[in-house]
Amino acid sequence: MAAKKKLCDVKDCSNSTKKTVSREQAGTAIKQANMTLDIRDKVNKVHLCADHYRKIKKQLKKDRQIERLRWG
Ligand SMILES: [Zn+2]
């Protein structure tokens with residue numbers, strides 16, 4: 001069992017990861033939620049604990065709606 005438990009990528013958060021989202025997808029939502037990520041620039045996946053995922057979930061949905069309006 002070499003698999004390490006991934007921790008939430010939000011700064012100062014040490015909960016284990018519940019959801020993984022693409023950085024591109026989560027970037028705006030995370031900014032809107034005033035969260036700071038503690039990841040390297042090259043990383044394109046963001047690991048979030050359940051609490052933090054819940055915080056950006058609403059924003060992710062909003063973004064998707066805007067996209068639909070733009071292309072619909
Ligand atoms: Zn977290």
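**Burial, contacts and core**

Me: Where is aspartate 12 found?
Reply: Aspartate 12 is found in the segment before strand E1 (19-22). Strands are DSSP runs of E with at least two residues, helices are runs of H or I with at least four, and both are numbered from the N terminus. This is a predicted model: local features need pLDDT of at least 70, side-chain atom pairs count only at pLDDT 80 or more, and totals for chains, interfaces and linings use all residues. Residues are numbered from 1 along each chain as its sequence is written.

Me: Why does aspartate 12 count as exposed?
Reply: Compare its neighbour count with the cut-offs. Aspartate 12 has 7 C-beta neighbours inside 10 Å, so it counts as exposed.

Me: What makes the phi of aspartate 12 worth a remark?
Reply: Its phi is positive, about 65°, although aspartate 12 is not a glycine. Most residues other than glycine have a negative phi.

Me: Where is asparagine 34 found?
Reply: In the loop between helix H1 (23-32) and strand E2 (45-48). Just after H1, asparagine 34 takes a positive phi of about 55°. Asparagine 34 has 7 C-beta neighbours inside 10 Å and therefore counts as exposed.

Me: How do you know whether serine 14 is buried or exposed?
Reply: Count again. Serine 14 has 8 other C-beta atoms within 10 Å, so it is exposed. The place of serine 14 is in the segment before E1. Serine 14 and leucine 48 are 10.0 Å apart, C-alpha to C-alpha, and 34 residues apart in sequence.

Me: Why is threonine 20 called partly exposed?
Reply: Its count is 13 other C-beta atoms within 10 Å, so the middle class applies. Threonine 20 lies in strand E1.

Me: Which residues does threonine 20 touch, not counting residues up to four places away in sequence?
Reply: Lys45, Val46 and His47. Two residues are in contact if their C-beta atoms, placed from the backbone, lie within 7 Å.

Me: Why is histidine 52 called buried?
Reply: Histidine 52 has 24 other C-beta atoms within 10 Å, so it is buried. Histidine 52 sits in helix H2. Leaving aside residues up to four places away in sequence, it touches Cys8, Val10, Cys13 and Met35. Its C-alpha atom is 9.3 Å from that of lysine 19, which is 33 residues away along the chain.

Me: Which residues does cysteine 8 touch, not counting residues up to four places away in sequence?
Reply: Cys13, Asn15, Thr17, His47, Leu48, Cys49 and His52.

Me: What are the buried residues of H1?
Reply: Ala26, Ala29 and Ile30. Seen down the axis of H1, these buried residues fall within an arc of 100°, so they line one face of the helix. The arc is that of the directions from the helix axis to the C-beta atoms. An α-helix has 3.6 residues a turn, so residues three or four places apart point the same way.

Me: What makes up the largest nonpolar core?
Reply: It has 11 residues: Cys8, Val10, Ala26, Ala29, Ile30, Leu37, Val46, Leu48, Cys49, Tyr53 and Ile56. H1, E2 and helix H2 (50-71) each supply at least two residues of this core. The largest share, three residues, comes from H1. The term means a set of buried Ala, Val, Leu, Ile, Met, Phe, Trp, Tyr and Cys residues joined through C-beta atoms within 7 Å.

Me: How many helices and strands does the protein have?
Reply: Two helices and two strands. Along the sequence they follow the pattern β-α-β-α. Buried residues make up 19% of the 72 residues. Among contacts between residues at least 6 apart in sequence, 68% join residues at least 24 apart.

How values were computed:
A residue is buried if 20 or more other C-beta atoms lie within 10 Å of its own, exposed if 12 or fewer, and partly exposed in between; C-beta atoms are placed from the backbone.
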